[in-house]
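Welcome to a first walk through this protein model. Take a look at the sequence and the structure, and then we can go through the main features together.

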Amino acid sequence: MTDPTQTPAETHPHTPLPYGTPDTPRLAVRGEARLEVDPEIARIAITVTARGTDRTTALADLTRRNEQALTLIKSYGDTLEKLETGTFSLTPQLTEKGRTERIRAYHGRVTHTATLNDFTTLGELTTRLADLELTRVDGPWWALRPHSPAHRDARTQAVHEAVQRAREYAEALGARLDALVEIADLGAENTPMPAPPGATRSFAGYGGAPAPAGATPALDLEPQRQTVHAHVNARFTMTRPTL
C-alpha cells in the first residue's frame with residue numbers, strides 16, 4: 001500500500017515535469033532557414049479568342065485557332081511537362097438599343113495553361129504563340145515542384161540552426177545540451193515574389209540557336225529566383241549550468 005505521508009513527487013520520483021529543474025533545465029529555441037534557388041518549371045497562360053456576327057462562323061474560327069495553338073505547344077515534346085485546358089465560352093453580345101433581343105456578335109474564348117521544364121525554348125514558344133491570330137499569352141510564372149529537394153534542404157538547415165542556437169545558449173551558461181525533448185515543424189513554403197503591377201519581365205536567353213530569317217524572334221527570358229522558407233521550434237534539456 002502507498003504510504004499516505006508520501007508526497008506525489010516521492011511516490012513517482014521519475015515522473016517528468018512539464019518544465020525544467022535546476023539539474024535538468026529546459027531550453028526552447030527556433031530555427032529558421034531562407035534559401036534562394038533557381039526555378040524548376042515555368043507556366044504560361046494562353047487565351048485563344050474569336051468574334052463574329054454568325055455563331056457557327058465564330059465557333060469554327062475559335063476551333064481552328066485553338067487547334068493551331070495546341071499543335072504548336074505539343075510540338076515541343078518533352079519540354080512540355082503539362083498542358084491543361086481551363087475554360088471555354090461562347091457568349092452572344094446583344095445590341096445596346098432596341099426592345100428586342102438582337103444579337104450583334106458572338107465572342108468565343110478558350111484558355112490553356114502550359115507548364116514547361118526547359119527554359120531554353122520558353123522564349124521561342126512564347127513569341128510564336130503570341131504571333132498567332134487573336135491569341136494572348138500571359139506569364140511566365142516561375143515555380144518549384146511541390147517535392148523539390150530545395151524544401152528538404154531548407155528544413156534541414158532550419159533544424160541545424162536550432163541545434164546550433166541551443167548549443168550556444170547552453171555554452172553561455174557553462175553547460176551543454178543533454179537531450180532533445182520536442183521538435184515542431186512549422187512548415188516550409190515556396191514564396192516567390194510577384195512582379196509589381198504593370199512591371200515588365202525580362203526573360204533570359206539560354207544560348208539557343210538564332211532564329212531563321214523571317215521567323216518570329218524569341219524573347220530573352222530571365223528566370224526569377226525562388227525563395228524557400230523553413231521554420232522549426234525545438235526544445236532541449238541541458239546539463240546543470242555553472243553560475
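Helices, as the word is used here, are DSSP runs of H or I with at least four residues, numbered from the N terminus. With that in mind, E124 and R128 both belong to helix 3, where 4 residues, about one turn of the helix, separate them. Please keep in mind that this is a predicted model.

**The overall plan**

The protein chain has 4 helices and 8 strands. Following the sequence, their order is α-β-β-α-β-β-α-β-α-β-β-β. Of the 243 residues in the protein chain, 30% are buried. Among contacts with a separation of 6 or more, 80% are between residues 24 or more positions apart.

**The nonpolar cores**

Now for the inside. The largest nonpolar core has 20 residues, and those touching the most other members are I44, I46, I73, A114, L122, L125 and L129. Two or more residues come from each of strand 2 (41-52), helix 2 (55-74), strand 4 (103-116) and helix 3 (122-130). Strand 2 gives the largest share of this core, with 5 residues. Another core lies apart from it and has 15 residues, including A33, A150, V228 and F236.

Which residues does L122 contact, leaving aside its neighbours within four places in sequence? They are A42, I44, L116, P140, W142 and L221.

**Two helices side by side**

Two packed helices are described by the angle between their axes and the distance between the axes. For helix 2 and helix 3, the angle is about 170° and the axes are 10 Å apart. Angles over 145 degrees count as roughly antiparallel, so helix 2 is roughly antiparallel to helix 3. On the helix 2 side, the contact is made by A69, L72 and I73, and on the helix 3 side by L125, R128 and L129.

**Salt bridges**

The model holds 12 salt bridges.

| D61 | R64 | 3.5 Å |

D138 is partly exposed, with a relative accessible area of 22%, whereas R136 is exposed at 52%. Salt bridges that share partners also link D61, R64, R65 and E133 into one network.

Why are D61 and R64 separated by about one helical turn? They are 3 residues apart in helix 2, so about one helical turn separates them. R64 has a relative accessibility of 36% and therefore counts as partly exposed.

E124 counts as partly exposed because its relative accessibility is 33%, and R128 counts as partly exposed at 36%. R128 is also one of the residues that make the contact between helix 2 and helix 3.

**A serine in a loop**

One last stop is S148, in the loop between strand 5 (135-143) and helix 4 (149-172). Is S148 buried or exposed? Its relative accessible area is 6%, and buried means under 20%, so S148 is buried. The side chain of S148 is joined to the side chain of E40 by a polar contact of 2.7 Å.

Methods:
Residues are numbered from 1 along each chain as its sequence is written. This is a predicted model: local features need pLDDT of at least 70, side-chain atom pairs count only at pLDDT 80 or more; totals for chains, interfaces and linings use all residues. Side-chain values use heavy atoms; hydrogens and water are left out. Buried means under 20% relative accessible area, exposed over 50%, partly exposed in between (1.4 Å probe, protein chains only). A polar contact is a pair of N or O atoms within 3.5 Å; within protein, one must be able to donate a hydrogen and the other to accept it, and residues adjacent in sequence count only if both atoms are side-chain atoms. A nonpolar core is a set of buried Ala, Val, Leu, Ile, Met, Phe, Trp, Tyr and Cys residues joined through side-chain atoms within 4.5 Å. Contact means heavy atoms within 4.5 Å. A salt bridge is a side-chain nitrogen of Lys or Arg within 4 Å of a carboxyl oxygen of Asp or Glu. Axes are lines fitted to C-alpha atoms, for helices over the stretch in contact, and angles run from 0 to 180 degrees between N-to-C directions. Angles under 35 degrees count as roughly parallel, over 145 as roughly antiparallel, 65 to 115 as roughly perpendicular and the rest as oblique.
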